[in-house]
Number of protein chains: 2
Amino acid sequence: MSSNPVISSDKVEGTSVYNANGDKLGSIDDLMIDKRTGLVRYAALEFGGFLGMGTDRYPIPWSMLKYDTTLDGYVVPLGADQLEKAPRYESSNEPVYSDDYGRKVYDYYGVGW
Amino acid sequence: MSSNPVISSDKVEGTSVYNANGDKLGSIDDLMIDKRTGLVRYAALEFGGFLGMGTDRYPIPWSMLKYDTTLDGYVVPLGADQLEKAPRYESSNEPVYSDDYGRKVYDYYGVGW
């Protein structure tokens, strides 16, 4: 990626996601954007069959996604144990992004709300 | 759309855009997101042949997009004269989103930076 401080949503969608060891976990399905403020509330990660997780989506705060030019993807430094207990939802059943829901997600990853 | 305060980026992409008279201007091509903050800096509007504008993209601040449930699309209250002089770029030549560039776009539409 370039030094452009912005990135296109359609480039983020589909980008691979790796753990800290460089193992591929899955990819970004889409971004959930606050209608009022335009802030990306979370990226929805799709873990393609990883640990038998099926088609669930894992909401990850934007600030946790670190782009790695060598891997050409995002690195999310989470272990399998953390992901197993992480907030998730069925892809066909997007949650209402209430403050309660958002706080729960951010708290889980220790990111300030 | 629901009362969910968030919307998925892949639902925004491709959504129709209308002027205040309800005439279709084009559609949203994609969203440009600040890598550091996760804030949508602008939506890139594609005006499909409108006024012979070809495939140029028009950067529009997120806050200008008002969703209209009747039209099932966004309304951007801009006249043809405003759009003719509006900032634009070739779709194959995305600008670097410097502060200068961003301010120029926001100033053009009278939106606070």
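Start with Asp72(B), in the loop between β6 (66-68) and β7 (73-75) of chain B. Helices and strands here are DSSP runs (H or I of at least four residues for helices, E of at least two for strands), numbered from the N terminus. Check the backbone of Asp72(B): phi is near 55°, a positive value in a residue other than glycine. Now select Asp72(A), in the loop between β6 (66-68) and β7 (73-75) of chain A. Phi of Asp72(A) is also positive, near 55°.

A note on what is on screen: this is a predicted model, in which local features need pLDDT of at least 70, side-chain atom pairs count only at pLDDT 80 or more, and totals for chains, interfaces and linings use all residues. Residues are numbered from 1 along each chain as its sequence is written, chains are lettered from A and ligands numbered from 1 in the order in which they are written, and side-chain values use heavy atoms, with hydrogens and water left out.

**The interface**

Select the residues of each chain in contact with the other (heavy atoms within 4.5 Å). Chain A gives 28 residues and chain B gives 28. Color Val6(A), Ile33(A) and Lys35(A): these lose the most area to chain B, together 26% of what that side buries. The buried area between the chains is about 2500 Å², with 53% from carbon and sulfur atoms. Buried area is the accessible area (1.4 Å probe) that two parts lose on being put together, summed over both.

Next, show Glu94(A) and Lys11(B). They form a salt bridge, the closest N and O atoms being 3.8 Å apart. The term means a side-chain nitrogen of Lys or Arg within 4 Å of a carboxyl oxygen of Asp or Glu. The rule finds two across this interface.

Stay on chain A and select β1 (6-8), α1 (9-12), β3 (24-34) and β4 (40-46). Each supplies at least two residues of the side that touches chain B. The largest share, five residues, comes from β3(A).

**Strand against strand**

Show β1(A) with β3 (residues 24-34) of chain B. They pair in the antiparallel sense over three bridges; pairing requires at least two DSSP bridges. Zoom in on Ser8(A), which stands opposite Met32(B) in β3(B).

**The axis**

The same surface serves both copies, since 100% of the contact residues of chain A recur in chain B.
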